[in-house]
Amino acid sequence: SLHDALPISWNIAFSGNKQEFFNVIEGLVRLHDKHSGAVIEVCAGDAGIIPPGFEGIFEVVQAVKNIM
């Protein structure tokens, strides 16, 4: 389904059996991995996967439209 989000960030923690695929149509998001410190940017035209067991911050940097 199509989702819109304004700039915001929140902590997320996925269980070991949950993952999420998303496709960014407009905007920019960043995933901040709590354990490794890695930051992954996903921008318009890109897709991302939040893997099982992920803990960190999901940050909407620029207003985003995405498909989840």
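Q: Which residues does Leu-31 touch, not counting residues up to four places away in sequence?
A: In this predicted model, Leu-31 touches Phe-22, Ala-38, Val-39, Ile-40, Ile-50, Phe-54, Ile-57 and Phe-58. A pair counts as a contact when heavy atoms lie within 4.5 Å.

Q: Why is Leu-31 called buried?
A: The term buried applies under 20% relative accessible area. Leu-31 has a relative accessibility of 5%, and therefore counts as buried. Leu-31 lies in strand 3.

Q: What places Leu-31 in the largest nonpolar core?
A: Such a core joins buried residues of the nonpolar kinds through side-chain atoms within 4.5 Å. The largest one has twelve residues, namely Ile-12, Phe-14, Phe-22, Val-24, Val-29, Leu-31, Val-42, Ile-50, Phe-54, Phe-58, Val-60 and Val-64. Strand 3, which spans 20-33, and strand 6 each supply at least two residues of this core. The most comes from strand 3, with four residues.

Q: Which residues are in contact with Val-42, leaving aside its neighbours within four places in sequence?
A: Val-42 is in contact with Phe-22, Val-24, Gly-27, Leu-28, Val-29, Ala-47 and Gly-48, its neighbours within four places being left aside.

Q: Why is Arg-30 classed as partly exposed?
A: The class lies between the 20% limit for buried and the 50% limit for exposed. Arg-30 has 23% relative accessibility, so it counts as partly exposed. The place of Arg-30 is in strand 3. Beyond four places in sequence, Arg-30 touches Val-39, Ile-40, Glu-41, Ile-57, Phe-58, Glu-59 and Val-61. The C-alpha atoms of Arg-30 and Val-42 are separated by 6.2 Å, the two residues being twelve apart along the chain.

Q: Why does Asp-4 count as exposed?
A: Exposed requires over 50% relative accessible area. Asp-4 has a relative accessibility of 56%, and therefore counts as exposed. Asp-4 lies in strand 1, residues 2-5, and is in contact with Val-64 and Lys-65 when neighbours within four places in sequence are left aside. From C-alpha to C-alpha, Asp-4 and Leu-31 are 17 Å apart in space and 27 residues apart in sequence.

Q: Why is Asn-66 called buried?
A: The limit for buried is under 20%. Asn-66 has 5% relative accessibility, so it counts as buried. Asn-66 belongs to strand 6, residues 55-67. Residues up to four places away in sequence not being counted, Asn-66 touches Ser-1, Leu-2, His-3, Asn-23, Val-24 and Ile-25.

Q: What makes Ala-63 partly exposed?
A: Values between the limits of 20% and 50% define this class. Ala-63 has a relative accessibility of 44%, and therefore counts as partly exposed. Ala-63 is found in strand 6. With neighbours within four places in sequence left aside, Ala-63 is in contact with Ala-5, Leu-6, Pro-7, Glu-26 and Gly-27. A C-alpha separation of 11 Å is found between Ala-63 and Cys-43, which are 20 residues apart along the chain.

Q: How many helices and strands does the chain have, and why is it called as compact as a globular protein of its length?
A: The chain has zero helices and six strands, and its elements run β-β-β-β-β-β from the N terminus on. The radius of gyration is 11 Å and the globule rule gives 11 Å for 68 residues, so the chain is as compact as a globular protein of that length. Along the principal axes, the C-alpha atoms fill a box of roughly 30 × 20 × 15 Å.

Q: What share of the contacts with a separation of 6 or more comes from residues 24 or more positions apart?
A: Such residues account for 72% of the contacts in the chain with a separation of 6 or more.

Q: How many positive and negative side chains does the chain have?
A: There are 4 positive and 8 negative side chains, and the centres of the two sets lie 4 Å apart.

Notes
Residues numbered from 1 in each chain as written. Predicted model: local features only at pLDDT ≥ 70, side-chain atom pairs only at ≥ 80, totals over all residues. Heavy atoms only, no water. Buried < 20%, exposed > 50% of the residue type's maximum accessible area, 1.4 Å probe, protein only. Rg over C-alpha atoms; globule rule 2.2 N^0.38 Å. Lys, Arg positive; Asp, Glu negative; His and termini not counted. Charge placed at Lys NZ, Arg CZ, Asp CG, Glu CD.
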